[in-house]
Amino acid sequence: MTARRAICSFLVTAFVLVAWTAAQAQTTKPFEPTVGQAGKDVVWVPTPQALVEKMLDLAKVTPQDFLMDLGSGDGRTVITAAKRGLNAQGIEYNPDMVDLSNRNAAAAGVSAKAKFVKADLFETDFSKAQVITMFLLPSINMRLRPQILKMRPGTRIVANTFTMEDWQPDTSETIGGDCVSWCTAHLWIVPAQVAGTWQAGQNALTLKQTFQMVEGTLGSTAISNGRLRGDELTFTAGGTKYTARVNGTSISGTMSGGSTGAWSATKK
């Protein structure tokens with residue numbers, strides 16, 4: 001009887017040990033993301049690597065840029081930017097994805113330049129970035145848009161596929177090859193704020209602005225082809241093309257065509 005009890009006790013102990021070992025193995029298995037897995041605001045779908053490269057090309061990134069990727073997922077955009085010499089940071093709400101990204105960065109040998117933060121997009125300060133990348137739904141883009149428009153003029157915003165409604169991209173490109181979905185990159189360049197009245201020599205320069213598009217009058221002459229690309233303003237008035245840089249409350253540049261030389265304006 002004693003031997004039988006000892007055998008039963010041994011079998012029970014062995015069973016418990018095997019079950020515990022299996023549970024531990026399952027618990028310690030490295031996290032692997034699944035396409036379509038739920039996130040805080042969006043599901044996770046990876047950007048094709050070829051489009052990651054195209055997005056960085058479209059933004060004309062340089063090693064002097066600081067890039068922030070909003071909803072950085074498995075870290076591929078940040079890691080690709082770091083491989084190009086940029087300091088880059090991913091903002092990701094899922095801590096498992098943050099851990100995965102750090103492992104991926106280490107495996108790629110770019111941990112010194114590729115950093116990841118567990119944070120909420122809507123509580124994050126983007127102001128120090130020269131380049132923002134994202135693959136978010138249009139509704140999320142629109143929630144972020146007011147903050148983006150307050151960024152430094154010339155900041156480049158690049159998105160996979162989804163737009164910002166009436167703020168039209170400055171450039172869009174679609175890749176081919178093996179890419180069958182999520183193959184379009186959109187680039188916006190944050191425009192300077194020029195709406196209002198300026199004094200340009202003896203004339204009033206009155207400008208109306210819709211994002212990067214500009215219209216208005218120079219004296220009594222209507223301007224045409226008005227456009228901003230960051231802090232660079234161009235327009236035509238009376239057969240003269242005006243090109244200038246906007247610096248807060250002043251504008252200065254050159255004229256060509258009907259008139260030539262330098263010109264400037266001061267905000268009233």
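Is Thr133 buried or exposed? Thr133 is buried, because its relative accessibility is 1%; buried means under 20% relative accessible area, exposed over 50%, and partly exposed in between (1.4 Å probe, protein chains only).

1. Basis of the note. This is a predicted model, in which local features need pLDDT of at least 70 and side-chain atom pairs count only at pLDDT 80 or more, while totals for chains, interfaces and linings use all residues. Residues are numbered from 1 along each chain as its sequence is written, and side-chain values use heavy atoms, with hydrogens and water left out.

2. Surroundings of Thr133. Thr133 belongs to strand β4 (residues 131-134); helices (H or I, at least four residues) and strands (E, at least two) are DSSP runs, numbered from the N terminus. The side chains of Thr133 and Asp69 are joined by a polar contact of 2.7 Å. A polar contact is a pair of N or O atoms within 3.5 Å; within protein, one must be able to donate a hydrogen and the other to accept it, and residues adjacent in sequence count only if both atoms are side-chain atoms. With neighbours within four places in sequence left aside, the residues in contact with Thr133 (heavy atoms within 4.5 Å) include Met55, Leu67, Asp69, Thr77 and Val158.

3. The barrel. Eight strands, in the order β8-β9-β10-β11-β12-β13-β14-β15, close into a barrel with antiparallel pairing; two strands pair if DSSP finds at least two bridges between them. Neighbouring strands of this sheet are turned by 30 degrees against each other on average, direction ignored. Axes here are lines fitted to C-alpha atoms, for helices over the stretch in contact, and angles run from 0 to 180 degrees between N-to-C directions.

4. Strands β10 (residues 213-218) and β11 (residues 221-229) pair over 4 bridges in the antiparallel sense, and Met213 stands opposite Arg227. Their hairpin has 2 residues between the strands, and Gly219 takes a positive phi near 65 degrees. Strand β11 is in turn joined to β12 (residues 232-237) by 5 antiparallel bridges, with Thr234 as the bridge partner of Arg227. In the turn of this second hairpin, Gly230 has a positive phi of about 70 degrees. Between β12 and β13 (residues 240-247) there are 6 bridges, again antiparallel, and Gly238 in the turn has a positive phi of about 60 degrees.

5. Phe235 has Tyr242 in β13 as its bridge partner. The whole structure holds 8 aromatic pairs. Phe235 and Tyr242 form a stacked one, at 4.9 Å centre to centre and 10 degrees between the planes. Rings of Phe, Tyr and Trp (its six-membered ring) pair if their centres lie within 6.5 Å; planes under 30 degrees apart count as stacked, over 60 as edge-to-face and the rest as tilted. Phe235 is buried at a relative accessible area of 1%, and Tyr242 is buried at 10%. The Tyr242 and Trp263 rings form an edge-to-face pair, because their planes stand at 85 degrees, with centres 5.2 Å apart. This pair links Tyr242 in β13 to Trp263 in strand β15 (residues 261-267), 21 residues apart.

6. Other ring contacts. Ring pairs link Phe135, Phe162 and Trp182 into a cluster. The charged end of Lys118 sits over the ring of Tyr93, 4.0 Å from its centre; this requires NZ of Lys or CZ of Arg within 6 Å of the ring centre and within 35 degrees of the ring normal.
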